[in-house]
Amino acid sequence: MSDETTGRLGGLKRTVATIAPGESRFETSNTRDANVETTDMTAEAGQSDVATTERNETESSSSGGVEMPTSDRPLGTPRVDDAVIEARDLDVFYGDTQALNEINMDIPEQGVTALIGPSGCGKSTFLRSINRMNDLIDVARVEGELYFHGKNIYDDDVDPVALRRKIGMVFQKPNPFPKSIFDNVAYGLRVQGKDDDVEEKVHTALERAALIDEVEDQLDESGLDLSGGQQQRLCIARAIATDPEVILMDEPASALDPVATSKIEDLVEELAQEYTVVIVTHNMQQAARISDKTAVFLTGGHLVEFDDTNKIFENPESDRVEDYITGKFG
Amino acid sequence: MSTETENPFTEGTDDIERKRTIGRVFVGVCFGSAMVGVAALVILLADVIIEAWGWLTWDFLLYPPTQSPDNFLGGIRGAGIYPAIVGSIFLIALTAVFTLFLGVGAAIYLEEYAPENRLTSFIEANIANLAGVPSIVYGLLGLAVFVRGAQLGAVLLAGALTLTLLILPIVIVSTQEALRAVPDSQRNAAYGVGATQWQVTRDVVLPRALPGIMTGTILSLSRAIGETAPLIMVGAATTMLTAPDGLMSPFSAMPMQIFDWAARPQTEFHHAAAAGIVVLLTILLLMNLCAILIRNKYDPRS
Ligand SMILES: Nc1ncnc2c1ncn2[C@@H]1O[C@H](COP(=O)(O)OP(=O)(O)O)[C@@H](O)[C@H]1O
Ligand SMILES: [Mg+2]
C-alpha cells in the first residue's frame with residue numbers, strides 16, 4: 001500500500017499556502033521526491049536531516065523539520081518525510097482531566113491517515129486540536145505544539161478562523177443547515193467571501209462528493225430532506241467546496257447503514273488523491289481498507305503506535321496494539 | 001369464545017381490577033382539575049360577553065369616551081374607547097422595539113459571547129429573579145427614573161420604557177432558552193467551514209432561534225398590554241379624549257380606561273368596561289395566535 005501511496009504523492013501537485021505566509025519557514029515544493037520509503041526514516045527520526053539529504057536540499061527545514069522529542073514517541077514510524085501536520089508533545093485538558101498525553105506524530109501530505117482506538121481515548125480531541133475547534137470548548141486547554149506547514153497553529157498570531165479555512169471538517173453526525181442543498185454547499189464560499197462562480201463551485205463540490213447525480217434536480221430543496229448518507233456527503237461537499245488542504249473527518253460513517261458507509265469510504269479514498277484526509281474511526285476494517293497511515297490511541301490519551309496501515313494491521317510493534325486490533329479488548 | 005379451553009389468565013384478575021379502579025379515580029381527579037381552569041375561563045368570557053352585548057359597536061371602537069353615559073348607546077354623539085386603543089397599540093409597538101433590541105441583545109451577549117464565569121452566572125441568576133418582581137415595583141422604578149429622573153413626565157415614552165423594564169427579564173430568559181436550543185452541531189458546522197463568531201450567530205444561530213425568540217417576545221408583550229399597575233404608577237391618564245400623537249404625548253391605555261369605567265357608579269359605564277375588556281382580550285388572543293402560528297410555521301420538525 002505504501003508504494004501506491006508514495007506514487008500517488010509524487011504525482012500530485014498542489015499549491016501549498018501557509019497560514020501566516022510572511023512567516024513561512026520553508027519553501028514548499030511540489031517536486032519533492034516522494035519515492036523515499038517512509039519506513040527508512042524511522043530509525044533516525046530524531047535526526048531527520050540525515051534522511052532528508054537524500055532529497056531536495058531546499059527542503060531540509062520543511063517536512064519533518066520540527067524535532068521530535070525522544071521520549072513520548074510512539075512506536076512505529078511517528079515521523080514522515082512529507083509532513084503537513086506535526087504534533088509535538090501535544091496535551092489537551094478538559095478542566096483538570098487530561099484527554100491527550102504528549103502526542104507526537106506527523107501527518108503526511110495527501111492520503112488517508114486513520115486515528116483508531118477505543119472510545120474515550122482522545123481521537124476526536126486530537127482531531128479537533130488540528131483545526132482548533134477545541135477553542136470553542138470553554139474548559140478545553142491545549143499545551144504543546146501543533147505545526148501546520150511548519151507553523152505552530154497555537155502561536156498567538158494564528159487566527160483560528162483562517163486556519164479552519166484551510167482545514168475543513170466533517171462531523172460524526174451529518175449536520176446540514178436547514179437551508180437548500182445549494183445554500184448548504186455554498187455556505188463556506190459565502191462566509192469566506194469566495195463568492196465568484198458560486199454556482200460552478202457548488203456543482204464541482206457536489207460532483208466530487210459523489211452526490212450530484214442524486215440531487216441535480218433538487219438543489220433548491222432542503223438539505224434536511226436527504227437520507228442520512230446523502231446528508232453526510234452533502235456535508236463533505238460543503239467542506240470541500242472552499243478547497244481546503246486538509247479534511248478532518250470524525251467517524252463520518254458511524255451513523256450510517258452499510259451501503260451509505262461504503263459510499264463514504266469510496267469517497268474518502270477518492271478525496272485522498274487531492275486532499276490530506278485525517279479520519280477517526282472505531283471501525284478497524286474501515287481503517288484497514290481506506291487508510292495509508294494508522295495511529296492507534298489507547299486509553300489515557302496516549303498515542304501508542306503510528307505507522308503504515310499494513311504494518312499496524314499485520315505486524316504491530318506494541319502488544320497492546322496487537323491485542324486491540326485482534327479484538328482482545330476495546 | 002370457546003368454552004372447552006380453560007382460560008389461563010384468571011389468576012390475579014381481582015387485583016388487576018382493583019389497581020385499574022385506582023387508576024380511574026386518579027384520571028377522574030386530573031380531569032376535574034383540568035376542567036376547573038377551563039370552566040373559569042368560559043364563565044369569565046361568557047359573563048363579560050353578555051355584559052358587553054350590544055355595547056360593543058363600531059362607534060365604541062372609533063369614538064373617545066364622554067362623561068355622559070347615554071352617548072355609549074347611540075346617543076347624540078358616539079362614545080367609546082378609541083384613544084385608549086391607540087394608546088395601547090403605540091405603547092406595545094414601542095415596547096416591542098425596545099425589548100427586541102435590549103432583550104435579544106442582552107440574551108445574545110449572555111448566551112453566545114459572555115465568558116462562563118461567576119459574574120455571568122450572577123447576572124443570569126438576577127435576571128431570572130427580576131422576572132418575578134411585582135409589576136408595581138417596576139411602576140415605581142419607571143416613575144423615579146423616567147418620569148421624574150429623566151424629566152419625561154407621564155408620557156407614552158415613559159410608559160413604554162417602564163413596560164420594557166417589566167418584560168425585559170422574561171424576554172431575556174426566553175431568548176436565552178431559544179438560543180440554547182440551537183444544537184451545537186449547527187454551530188460547529190459553520191465554524192468548521194471558517195465562519196467567524198459573528199457569521200455563525202447571524203447565519204446559523206439567530207435564524208434557528210428566531211421562532212422561539214418571537215414566541216417568547218410576543219407572549220411577554222401580551223402580558224404587557226394588559227398591565228395596569230405600572231401605568232398607574234407612571235401616571236398614565238385614566239381617560240383621554242384624544243389619541244396620543246407622539247412619543248412625548250400624554251396617553252391612556254385600555255386597562256386604565258377599563259379600570260376607570262368599572263369604578264364608576266352608573267351601570268352604563270360597567271357595560272362600557274365589559275366592552276373594553278372584550279376588545280382587550282381579542283387583541284391579546286390575536287397576539288397569542290400570532291405566537292402560535294410563528295411557532296408552528298418554523299417548527300424544525302415540520
Ligand atoms: N467537551 C468536553 N468536556 C469535557 N470532557 C470531554 C469533552 N470532550 C471529550 N471529553 C473527554 O475527553 C476524553 C476523550 O474524548 P474524545 O476525544 O471524545 O474521545 P474519542 O473520540 O476517542 O472517543 C474522554 O474522557 C471524554 O470524556
Ligand atoms: Mg469521538
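This is a predicted model: local features need pLDDT of at least 70, side-chain atom pairs count only at pLDDT 80 or more; totals for chains, interfaces and linings use all residues.
**Ground rules.** I took local features only at pLDDT of at least 70 and side-chain atom pairs only at pLDDT 80 or more, while totals for chains, interfaces and linings use all residues. Residues count from 1 along each chain, chains are lettered from A, and side-chain values use heavy atoms, without hydrogens or water.

**Aromatic pairs.** I looked up ring pairs (Phe, Tyr or the six-membered ring of Trp, centres within 6.5 Å; planes under 30 degrees apart are stacked, over 60 edge-to-face, the rest tilted). F126(A) is in helix α3 and F297(A) in strand β10, 171 residues apart. Helices (H or I, at least four residues) and strands (E, at least two) are DSSP runs. Both F126(A) and F297(A) are buried (under 20% relative accessible area, 1.4 Å probe, protein chains only; exposed is over 50%, partly exposed in between).

Next I checked F60(B) and W261(B). Their centres lie 5.9 Å apart with planes at 45 degrees, so this pair is tilted. It ties helix α2 to helix α10 of chain B, parts 201 residues apart in sequence. F60(B) and W261(B) are buried.

**Charges over rings.** I looked for NZ of Lys or CZ of Arg within 6 Å of a ring centre and within 35 degrees of the ring normal. R141(A) lies over F93(A), 4.4 Å from the ring centre. R264(B) sits over F269(B) at 4.8 Å.

**W53(B).** I found W53(B) in the loop between α1 and α2 of chain B. It counts as exposed because its relative accessibility is 70%.
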